[in-house]
Amino acid sequence: MTRVLRSTLIALLASLALAGTAQAAGGNYVIQGGSPEAQAIVKSALEASWFDFNRVPQQITIRMSRCGCAGARPGVVVLDEDVVLDTTYGEKYVWGLIQHEYAHQVDFFLFQDDDRAAVRLVLGGKDWCYEVAGLSHDQHGCERFAEVFTWAFWPSRYNIQREEARDNAPRMKAKRFRAIVNRLLAS
């Protein structure tokens, strides 16, 4: 067998072996601010998720600055650049946080009220998303959703959302939650 034919055959076999493991797409977004290194981390984090963020029908603006903050509202994700660049706990530590904030876009643009009610039945929460003042972060259904969503679609030991997801849904398996989300989005 010639070297070229052998290389071609190896490449073909490798592509067939990896065909079922392709990751979903990272989404339609623009990043405002942040260093090129921080922007690359955001891109890597979103591409690591098994969820196809391209399903979100609107372009999302990711704003990065040294603000000491993180959050999301419809069409916008806000991240602190210092947190994104912090590798104290490993370079992938922040990926869960980035995916968590982007998961809110799934809620904002893909869920209907019935979907939110169905998720809240499974995950709990005192309200869906900050309708009741004075509740802690994890008492809001939307935050529980973002934590469990992030863990379910990136079930990695590096995912900082793993512990929060287990606290908020101790009996929920990642595969089951992915099925719930995909079923809701298909209806």
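Residues are numbered from 1 along each chain as its sequence is written, and side-chain values use heavy atoms, with hydrogens and water left out. Because the model is predicted, local features need pLDDT of at least 70 and side-chain atom pairs count only at pLDDT 80 or more, while totals for chains, interfaces and linings use all residues.

**Stop 1: the largest pocket**

Select His-100, Glu-101, His-104, His-137 and Glu-143. Of the 15 residues lining the largest pocket, these are the closest to its centre. The pocket holds about 180 Å³ of space. A pocket is found on a 1 Å grid over the protein atoms alone, as an open set of points where a 1.4 Å probe fits, with protein on both sides within 12 Å along at least five of seven lines; lining residues have an atom within 4 Å of a point. Its volume is the space filled by probe spheres set on the points, which are joined across faces, edges and corners.

Next, colour β3 (71–73), α4 (95–110), α6 (141–153) and α7 (161–168), the elements that give two or more residues to the lining. Such elements are DSSP runs numbered from the N terminus: helices (H or I) of at least four residues and strands (E) of at least two. Which element gives the most to the lining? It is α4, with 5 residues.

By type, the lining has 6 nonpolar, 5 polar and 4 charged residues. Here Ala, Val, Leu, Ile, Met, Phe, Trp, Tyr, Cys and Pro count as nonpolar, Asp, Glu, Lys and Arg as charged, and the others, Gly among them, as polar.

**Stop 2: the largest nonpolar core**

Select Val-84, Ile-98, Phe-145, Phe-149 and Phe-177. Of the 44 residues in the largest nonpolar core, these touch the most other members. A nonpolar core is a set of buried Ala, Val, Leu, Ile, Met, Phe, Trp, Tyr and Cys residues joined through side-chain atoms within 4.5 Å. Buried means under 20% relative accessible area, exposed over 50%, and partly exposed in between (1.4 Å probe, protein chains only). The largest share of the core, 8 residues, comes from α6.

Now centre on Phe-177. Leaving aside neighbours within four places in sequence, Phe-177 is in contact with Leu-123, Phe-145, Val-148, Phe-149, Ala-152 and Met-172. Contact means heavy atoms within 4.5 Å.

**Stop 3: salt bridges**

The whole structure has 6 salt bridges, each a side-chain nitrogen of Lys or Arg within 4 Å of a carboxyl oxygen of Asp or Glu.

Select Arg-66 and Glu-81, whose side chains meet at 3.4 Å, N to O. Arg-66 lies in the loop between β2 and β3 and Glu-81 in helix α3 (residues 81–85), so the pair ties together parts 15 residues apart in sequence. Arg-66 is exposed at 56%, whereas Glu-81 is buried at 7%.

Move to Asp-113 and Arg-116, which pair at 3.2 Å, N to O. They are 3 residues apart in helix α5, so about one helical turn separates them.

**Stop 4: Tyr-130**

Finally, select Tyr-130, in the loop between α5 and α6. Most residues other than glycine have a negative phi. Tyr-130 is not a glycine, yet has a positive phi of about 70 degrees. At 45% relative accessibility, Tyr-130 is partly exposed.
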